[in-house]
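This report describes the fold and selected residues of one protein chain. The reader is asked to keep the sequence and the structure in view throughout.

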Amino acid sequence: MRQALAAIVLMAITAPALAQMSPLGLWRSADDKTGEPKAEIRIADNAGALSGRIEKTLRKDAKPTCTECQDDRKGQPMVGLEIIRGGKKDEGKDVWTGGRILDPENGKEYRASLTPVDGGKKLEVRGYLGPFWRTQTWQRLE
């Protein structure tokens, strides 16, 4: 009985920490140059692949719709816009790859990798275009 109770307590303590080492949740992105908050993005599991949508824009000059988008997102409202599509966890690693990420400010879509860091408090979001990449660090909000 004591062993079972100890196992339950151990699981209750470690489960939140394990859950945090995932890109799932609500994140705040920031401008690469100024560091100003840009948006809040919720990343969810969509049938085994990642899906990230803008929940809230934080910039005063944010466009109301994605005028630069080139696909089915063109003209769609920024709030609710899906900017992350696909991506799965690499086996044996705390990194999610294979998806795409959209920069709604310029309409470009990049190959993406997402890596939780700092105990899952931050998320390194890297977009690749050919041999070039850009990395942002997002802050977990919940």
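The sections below proceed from the overall architecture to individual residues.

## Overall architecture

The model is predicted. The protein chain contains one helix and nine strands, and, read from the N terminus, its elements follow the order α-β-β-β-β-β-β-β-β-β.

The protein chain has 142 residues, of which 32% count as buried. Its accessible surface is about 8,900 Å², and carbon and sulfur atoms account for 56% of that area. Where contacts in the protein chain link residues at least 6 apart in sequence, 38% of them join residues at least 24 apart.

## Pairing of strand 9

Strand 9 (residues 132-140) is antiparallel to strand 1 (residues 25-30), and two bridges join them. Within strand 9, Gln139 is the residue that stands opposite Arg28.

Strand 9 also pairs with strand 8 (residues 122-129), again in the antiparallel sense, over eight bridges. Here Leu129 faces Phe132 of strand 9 as its opposite residue. Strand 8 and strand 9 form a hairpin with two residues between the strands, and in this hairpin Gly130 adopts a positive phi near 65°.

In soluble globular proteins, nonpolar side chains tend to be buried together. The largest nonpolar core of this model comprises 21 residues, and those with the most contacts inside it are Ile43, Leu81, Ile83, Ile84, Leu114 and Trp138. At least two residues of this core come from each of strand 2 (37-46), strand 3 (49-57), strand 4 (82-85), strand 6 (96-103), strand 7 (108-117) and strand 8.

Which residues does Leu81 touch, not counting residues up to four places away in sequence? With that exclusion, Leu81 is in contact with Gly52, Arg53, Ile54, Cys66, Cys69, Arg73, Gln76, Leu102 and Pro104.

## The disulfide

The structure holds one disulfide. Its partners are Cys66 and Cys69, with sulfur atoms 1.8 Å apart, and both Cys66 and Cys69 are buried. The torsion about the S-S bond of Cys66 and Cys69 is about 80°, and the disulfide is therefore right-handed. Cys66 and Cys69 are also among the residues that Leu81 touches.

## Gln136, a buried polar residue

Gln136 belongs to strand 9. Is Gln136 buried or exposed? Its relative accessible area is 12%, so Gln136 counts as buried, the cut-off being under 20%.

The side chain of Gln136 makes a polar contact of 2.7 Å with that of Asp32 and another, of 2.8 Å, with that of Trp138. Trp138 is also one of the core residues with the most contacts inside the largest nonpolar core. Leaving aside residues up to four places away in sequence, Gln136 touches Ser29, Ala30, Asp32, Lys38, Leu123, Glu124 and Val125.

## Thr57 in strand 3

Thr57 is located in strand 3. Its relative accessibility is 30%, so Thr57 counts as partly exposed, a class that lies between the limits of 20% and 50%.

Thr57 and Ala39 are separated by 18 residues in sequence, while their C-alpha atoms are 4.3 Å apart in space. Apart from residues up to four places away in sequence, Thr57 touches Lys38, Ala39, Ala62, Met78 and Val79.

Technical notes:
Residues numbered from 1 in each chain as written. Predicted model: local features only at pLDDT ≥ 70, side-chain atom pairs only at ≥ 80, totals over all residues. Heavy atoms only, no water. Helix = DSSP H or I, 4+ residues; strand = E, 2+ residues; numbered from the N terminus. Buried < 20%, exposed > 50% of the residue type's maximum accessible area, 1.4 Å probe, protein only. Contact = heavy atoms within 4.5 Å. Areas by Shrake-Rupley, 256 points an atom, 1.4 Å probe, with all protein chains shown as cover. Pairing = 2+ DSSP bridges. Core = buried A, V, L, I, M, F, W, Y, C linked by side-chain atoms within 4.5 Å. Disulfide = S-S within 2.5 Å. Polar contact = N/O pair within 3.5 Å; in protein donor to acceptor, adjacent residues only side chain to side chain.
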